[in-house]
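Where do charged side chains pair up in this protein?

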Amino acid sequence: MLFRNTLAQSSSFALGYLFSFLLAPLMIARLGLDAFGVWAVTGAFATYAGLLDLGVGRSLARFIAVYDAEGDDRRIGECVGLGLLIVFVVGVLTAALAVAAAPLLSDSLGVLDSDEMRIVLVASVLIWTFNGADGVFNAVGIGKQQMVPPNVATAIGVTINFALSLVALALSSALTLYAGANGIAALLGLIPSAIAMRHVWGGPYVVIPSRSLIREVIGFSLKNQITWFADLVNLQTDKLIIALMVDIRAAAVYEIGSRVVAAVRSAAVMSVSAMIPTAAARIVEEGRGVIRPMYRRYTSLTCATAFPLFMLATVSSPFLLVAWLGSVPSEAGIVVPILSVAYLVNITTGVGTTIAIGAGHPGLAATNSVQIAVANVILTVALAPLFGLWGVVVGTAIAIVFGSLSFNRRFLRMFGLPRRDFWDGVLPAAGYAFAPAVPAGLLAVLAGVPDSRLQAVPLLLLSVVLYAPPYWWLASRRGLLPERLSLRWAHRRPAPAP
């Protein structure tokens, strides 16, 4: 079941990022690099406004998993009611703030006038609000560990978004029309999500939450919120710092490179995305004794699945960016490899984080996330005036790497696990992921940055061929990959009996 749920999660996210990759060059060509940077920055502001939901949206699946294991349908309905209430209250408050802040942001960025900026900001808030409601509906299927229907709904939603985005870009080069089309798409995406929730659960669908549930969910969610806030700092704040301390074009360049890394990271995180409800349900049913075998098994599987994605992105980045966009700003090339290596280290915390949350200890990840966030802000603000884009990227990477190593040490100590459990999961996957990267990396060094897509596409494909098959064979032979992803014929055969 866990493999099927993970595959469902991965498929919908992969489709979303595929559409995002296809749209990015069209947006830059049609709207211009400056408008692309404005869209990235306003999206970051709207995402930060999501902090006002107190972390409830990201915690619902865990509580629904617990209440489903206890057979308490009414509590599940209260979770849905609480989630929708908070999403729409935050949406109204944030929309009012967006209207008031439009002139200030327009003057700071210098690309759109106040009226245009107001439209774009309000559209970004609407997108966040409707996507938040969509997440509440989907949390029911995810929490009940029936992840295929909600992810089919998500796939339909991102397809609607892609289609309306293409229509908007075809009709006009105005960012305002593009933003409005995305807002309409987010609203239409609620329909398949509501249908998916009805498919996996008989209700009651929306129940007024009790005070006890509100206290329980919000108390947990506030701690979990801190972890998500650190992700925002690492993925969104850098764009804001660059836009305000360097310029909007540099922010657009950072968005180009970080979007590649975010896609790879999201694909890597899919290896643990289905674990939170699974871990919560198993700990409720089997007790804390299940934690060590879960950690040992899934750390190895997660690293073996995620590491090669980051390594391939690192060695193929010169070809990937040109094949994607055609014409690439020279500075974009520094973002992908540096952040890829940083998030390769960060993914080693994935299993520990999900187990801690599933066991009801979000504060473990939250404390560490604060350290990462503070270090990231201090380093990027200090280095940006001196080194520009380079300073922001390197500062972010340093904060992520050292914060991730600190979390792993604290997790093992809290749950009484030996360090060997961590290293046995990480080192074999790291070694096998690095070995095939050598020939692919040499190709990148010798070929340099291609001049056109016609040159970049064959080189990108050659990088994949040099890296992916050898790694797949080596990891399968070592038994590192999940059974359904492993090459059966590559497995070591037992020696014949004498």
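The paragraphs below take the salt bridges in turn.

This is a predicted model, in which local features need pLDDT of at least 70, side-chain atom pairs count only at pLDDT 80 or more, and totals for chains, interfaces and linings use all residues. Residues are numbered from 1 along each chain as its sequence is written, and side-chain values use heavy atoms, with hydrogens and water left out.

A salt bridge here is a side-chain nitrogen of Lys or Arg within 4 Å of a carboxyl oxygen of Asp or Glu.

Start with aspartate 68 and lysine 144. Their side chains form a salt bridge, 2.8 Å from N to O. Aspartate 68 sits in helix H3 (residues 56-69), while lysine 144 sits in the loop between helix H5 (114-143) and helix H6 (148-171), so the pair ties together parts that are 76 residues apart in sequence. Helices are DSSP runs of H or I, at least four residues, numbered from the N terminus. Lysine 144 is buried, at 13% relative accessibility. Aspartate 68 is partly exposed, at 29%. Buried means under 20% relative accessible area, exposed over 50%, and partly exposed in between (1.4 Å probe, protein chains only).

Next comes helix H4 (residues 73-109). Arginine 74 and glutamate 78 lie 4 residues apart in it, about one helical turn. Their closest N and O atoms are 3.7 Å apart. Glutamate 78 is buried, at 5%.

Helix H5 holds aspartate 115 and arginine 118, 3 residues apart. They form a salt bridge at 3.1 Å. Aspartate 115 is exposed, at 53%; arginine 118 is partly exposed, at 24%. Elsewhere, salt bridges with shared partners join Arg292, Arg296 and Asp421 into one network.

Definitions and conventions: Helices (H or I, at least four residues) and strands (E, at least two) are DSSP runs, numbered from the N terminus.
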